[in-house]
Amino acid sequence: GHPSSGGDSSLVQEQLQGGVQTLFHTISAFVALKENAQVVAWGNPKEGGDLGNALRDELAGGGGGGVLSVACSSQACAALLSDGSVRTWGHIRVAPADMREDLQGDVA
């Protein structure tokens with residue numbers, strides 16, 4: 001596939017060398033949830049393929065208790081953390097502003 005649409009995972013290949021539990025996707029990015037509750041993303045940065053430095057450290061580093069689940073829409077993803085909080089990344093206009101505010105606290 002095309003590198004900018006997730007067809008090239010070489011930049012995260014080392015992180016994908018085992019322990020991948022589930023794969024998710026947007027229209028041009030992939031996200032792997034690993035058995036150790038870490039998240040790895042690649043593909044189009046604007047559509048879920050880049051976690052950004054702070055979120056990458058939090059989700060790929062296993063900090064904050066780890067990720068329980070991931071869900072992706074066509075252009076964005078969300079991770080449910082074990083402390084009940086949600087982290088989102090991808091295209092910012094996919095989730096309405098009021099929804100982003102609702103996701104700041106604990107999610108039941």
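Select Arg 87 first. This residue is partly exposed, at 24% relative accessibility. Keep in mind that the model is predicted.

How many salt bridges does the count give? It comes to two. For the other pair, select Arg 56 and Asp 50. Their side chains meet at 2.5 Å, N to O. Arg 56 has 29% relative accessibility, so it counts as partly exposed. Asp 50 has a relative accessible area of 31% and is also partly exposed. As background, side chains of opposite charge can pair when their charged atoms come close.

Next, select Leu 51. Show what lies around this residue, leaving aside neighbours within four places in sequence. Its contacts are then Val 39, Ala 41, Arg 56, Leu 59 and Trp 89.

The largest nonpolar core holds 14 residues. Which of its residues have the most contacts inside it? They are Val 31, Val 39, Leu 51, Leu 59, Val 67, Val 70 and Trp 89. Colour by element to see where the core comes from. At least two residues each are supplied by β2, β3, α1, β4 (67–72) and β5 (76–81). The largest share, three residues, is from β5. Then look for a second, separate core. It has five residues, including Leu 16, Ala 32, Val 40 and Trp 42.

Hide the side chains and turn to the sheet. Three strands form an open sheet in the order β1-β2-β3, with antiparallel pairing. Which strands are at the edges? β1 (20–25) and β3 are, each pairing on one side only. From one strand to the next, the twist averages 20°. Zoom in on β1 and β2. Five bridges join them in the antiparallel sense.

Follow the chain out of β2. The loop between β2 (29–34) and β3 (39–43) contains Ala 37. Check its backbone torsion. Ala 37 is not a glycine, yet its phi is positive, about 70°. For comparison, most residues other than glycine have a negative phi. Is Ala 37 buried or exposed? Its relative accessible area is 17%, under the 20% cut-off, so Ala 37 is buried.

Last stop: the cysteines. One disulfide is counted. Select Cys 72 and Cys 77, which it joins with an S to S distance of 2.3 Å. Now compare the two ends by accessibility. Cys 72 is partly exposed, at a relative accessible area of 26%, whereas Cys 77 is buried, at 3%.

Note on methods:
Residues numbered from 1 in each chain as written. Predicted model: local features only at pLDDT ≥ 70, side-chain atom pairs only at ≥ 80, totals over all residues. Heavy atoms only, no water. Salt bridge = Lys/Arg side-chain N within 4 Å of Asp/Glu carboxyl O. Buried < 20%, exposed > 50% of the residue type's maximum accessible area, 1.4 Å probe, protein only. Helix = DSSP H or I, 4+ residues; strand = E, 2+ residues; numbered from the N terminus. Pairing = 2+ DSSP bridges. Axes fitted to C-alpha atoms, helices over the stretch in contact; angles between N-to-C directions. Disulfide = S-S within 2.5 Å. Core = buried A, V, L, I, M, F, W, Y, C linked by side-chain atoms within 4.5 Å. Contact = heavy atoms within 4.5 Å.
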